[in-house]
Protein chains: 2
Amino acid sequence: MLREPLAEGMECGLPAALEAMGERWSFMILRAAFNGIHHFEEFQTELGIARNILSNRLQRLVGHGIMERRVMECDRRKVHYRLTAKGIDLLPTMVALRQWGERWGSGIPSTPVLVDERDLQPVRAIVLQAHDGRPLGIHDLCWMHAHEVRPLRDGQSGEPAVALAG
Amino acid sequence: MLREPLAEGMECGLPAALEAMGERWSFMILRAAFNGIHHFEEFQTELGIARNILSNRLQRLVGHGIMERRVMECDRRKVHYRLTAKGIDLLPTMVALRQWGERWGSGIPSTPVLVDERDLQPVRAIVLQAHDGRPLGIHDLCWMHAHEVRPLRDGQSGEPAVALAG
DNA sequence: TAGGATAAGTAGCATTTCGCAACCTAATGG
DNA sequence: CCATTAGGTTGCGAAATGCTACTTATCCTA
């Protein structure tokens, strides 16, 4: 039975992700950014975070390419922070974490809910899926060496080939 | 345009989730647990974490109902730590975080890869989906008050009704 | 063009957490 | 009964966090 290498070598993406997002306020700042917060003072007052910590966290996020810092043309006092593609790509992770917190937290009814703009229905609970979309539980999984994975023929998958996922 | 309430009131599940899992080693311990680590000394040597911190983190995880602590019958020196249902339910979140780290990290080829036991194909990248399975990007979303969401008629959804998700 | 207001930080200091190493305690095994 | 093992706890220095006050650059208005 193949097991994931755990020794500190960080051969898996998790330590890398935690290096960028594992600090105390990172996910809260990210959530604010997803909600249209763009300025230092906004983050500070909305989140109630200390100014020096916020400064440090924003620098870190920018340093990791998760956010972008741009001095505004119209008013050069103001600095505009925005999510990069890399930052936006954390959306599923953040929603998954949030959904877990809602499911197991102290029964928060969670208003407002995140809905699909097209039909105004709540988004689906984030689940682990097989290449063809079947939901997978923890007992449906095992590890394989990447070079031993046999590629699929075209059209064999039920979805438009969202590529790898480890 | 409705926006998510950010003020520290933590009306969303994210702060609750971070309260339980937001500390430095929590996700690494979780990963080890998913990989079959069950004992204090195993966690300690595999992760290279300080003993007092590990002790504290395990207590916290147990306290939050994410792990379970059981003294073993066969050898009462040994303590068996295992994931509860609540802990196992963090799997999608952890995989999402890990996949993100792999996609954007320093180009780690990621061996071994997590595969579906049934057909030995890598699991799909975790994405945000509409109730019917359509993948959703950040621009396909908006917020709605829970009581304003109009319930769907049966069979209108493409998947076996995985319930809410906010 | 001075003077005040605003935005985005920085600096100093107290408190908390982290991390390392050594120590402790209970159970086992010979 | 003594050594060993498993799972911690304790003490202490280093680092991160948080609060408040201060600074710097820019804008706006009189």
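A salt bridge here is a side-chain nitrogen of Lys or Arg within 4 Å of a carboxyl oxygen of Asp or Glu. With that in hand, hello everyone, and let's look at some of them together.

First, some ground rules. This is a predicted model, where local features need pLDDT of at least 70 and side-chain atom pairs count only at pLDDT 80 or more, while totals for chains, interfaces and linings use all residues. Residues are numbered from 1 along each chain as its sequence is written, chains are lettered from A and ligands numbered from 1 in the order in which they are written, and side-chain values use heavy atoms, with hydrogens and water left out.

Why do such pairs form? Side chains of opposite charge can pair when their charged atoms come close.

How many salt bridges are there over all chains? The count is 20.

Let's start in chain B. The side chain of B:Glu19 forms a salt bridge with that of B:Arg60, at 3.5 Å from N to O. B:Glu19 sits in helix H1 (residues 13–21) and B:Arg60 in helix H4 (residues 51–63), so this pair ties together parts that are 41 residues apart in sequence. By helix I mean a DSSP run of H or I with at least four residues, numbered from the N terminus.

B:Arg60 also has a salt bridge to B:Glu23, at 2.5 Å from N to O. B:Glu23 lies in the loop between H1 and helix H2 (26–34) of chain B, so here the parts tied together are 37 residues apart in sequence.

B:Glu19 is partly exposed at 46%, and B:Arg60 is partly exposed at 26%.

Over in chain A, A:Glu19, A:Glu23, A:Arg57 and A:Arg60 are linked in a network of salt bridges.

Now for a pair between chains. B:Asp89 and A:Arg103 meet in a salt bridge of 2.8 Å, N to O. B:Asp89 is in the loop between helix H5 (85–88) and helix H6 (91–104) of chain B, and A:Arg103 is in helix H6 (residues 91–104) of chain A. B:Asp89 is partly exposed at 21%, as is A:Arg103 at 38%.

Finally, helix H6 of chain B: 12 of its 14 residues are buried, among them B:Leu91, B:Arg98 and B:Trp100.

How values were computed. Helix = DSSP H or I, 4+ residues; strand = E, 2+ residues; numbered from the N terminus. Buried < 20%, exposed > 50% of the residue type's maximum accessible area, 1.4 Å probe, protein only.
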